[in-house]
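Q: Hi! Could you walk me through this structure with me asking as we go?

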Amino acid sequence: SEWNNLTADYDALSYNESLDSYGTLLLKPADGVLIILYREGLSITVEVKKSLLAVVFAAPNLGISTLGLLGVVDGDPSNDLTARSGAVVPTNSPSEMIHFDFGQSWQVGVGESLFYYPPGMNFEDFSNASFTPSFINPSLSLANYTDLCGDSLPCVFDAVVTGDDELAAETRATEEENA
């Protein structure tokens with residue numbers, strides 16, 4: 001639909017300024033934060049935190065069917081890891097299986113990208129199909145990070161993989177803010 005065609009220069013947005021186009025609202029409430037609100041009630045908040053981006057997606061129950069990396073919004077968590085092929089990866093699967101069988105199935109191809117690229121650059125400049133993430137099991141290290149992370153597995157994962165306790169604490173704070 002036409003609301004997919006909104007583009008804006010983040011640096012040109014003033015604080016608390018908003019752009020409204022076709023029912024899509026862009027807000028810049030602070031430096032390093034962008035909130036996108038869609039007329040359907042969906043929102044995406046992107047915030048620069050230390051050396052990573054925190055992305056929070058929120059959606060009301062619209063009674064519509066969804067499919068993709070954010071799962072199937074139908075109240076049944078057992079089918080949330082439905083691959084593009086329709087195969088369901090069990091939620092208790094090893095991280096490697098979830099990554100390769102579910103996550104990689106949703107990798108956008110060159111003809112599917114909706115991004116605009118700077119002059120002289122294209123899809124291939126930003127895609128790395130051979131990237132393999134770290135597959136650690138944060139629950140195995142949870143006891144070592146209780147003071148820093150409480151029971152937050154994403155916090156433990158970031159602490160173990162990056163060795164950066166400040167970044168891990170940011171992950172925990174983001175998780176708690178959006179619980």
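Q: Is Cys149 buried or exposed?
A: Cys149 counts as buried, at 1% relative accessibility. Here buried means under 20% relative accessible area, exposed means over 50%, and partly exposed is in between, with a 1.4 Å probe and protein chains only. Bear in mind that this is a predicted model: local features need pLDDT of at least 70, side-chain atom pairs count only at pLDDT 80 or more, and totals for chains, interfaces and linings use all residues. Residues are numbered from 1 along each chain as its sequence is written, and side-chain values use heavy atoms, with hydrogens and water left out.

Q: Thanks! What does Cys149 form with Cys155?
A: Cys149 and Cys155 form a disulfide, with 2.0 Å between their sulfur atoms. The criterion is a pair of cysteine sulfur atoms within 2.5 Å. Cys155 is buried as well, at 0% relative accessibility.

Q: Which handedness does that disulfide have?
A: It is left-handed, because the torsion about the S-S bond of Cys149 and Cys155 is about -65°.

Q: And how many disulfides does a search of the whole structure find?
A: The search finds one disulfide.

Q: Switching to charges: how many salt bridges are there?
A: The count comes to four salt bridges, where a salt bridge is a side-chain nitrogen of Lys or Arg within 4 Å of a carboxyl oxygen of Asp or Glu. One of them joins Glu170 and Lys49, at 3.9 Å from N to O.

Q: Which of the two is buried, and which is partly exposed?
A: Lys49 is buried, at 7% relative accessibility, while Glu170 is partly exposed at 31%.

Q: What else does Lys49 meet in a salt bridge?
A: Lys49 also pairs with Glu177, at 3.6 Å from N to O. That pair links distant parts of the chain, strand S4 and helix H4, 128 residues apart. Glu177 is exposed, with a relative accessible area of 55%.

Q: How about Arg172 and Glu176?
A: Their side chains meet in a salt bridge too, at 2.8 Å from N to O. Arg172 and Glu176 are four residues apart in helix H4, so about one helical turn separates them. Arg172 is partly exposed, with a relative accessible area of 24%.

Q: Which residues do shared partners join into one network?
A: Lys49, Glu170 and Glu177 are joined that way by their salt bridges.

Q: New topic: where does Asp158 lie, and what is it in contact with?
A: Asp158 lies in helix H3 and is buried, at 15% relative accessibility. Leaving aside neighbours within four places in sequence, Asp158 is in contact (heavy atoms within 4.5 Å) with Leu52, Gly163, Leu167, Ala168 and Thr171.

Q: How far apart are the C-alpha atoms of Asp158 and Thr171?
A: They are separated by 7.6 Å, with the two residues 13 apart along the chain.

Technical notes:
Helices (H or I, at least four residues) and strands (E, at least two) are DSSP runs, numbered from the N terminus.
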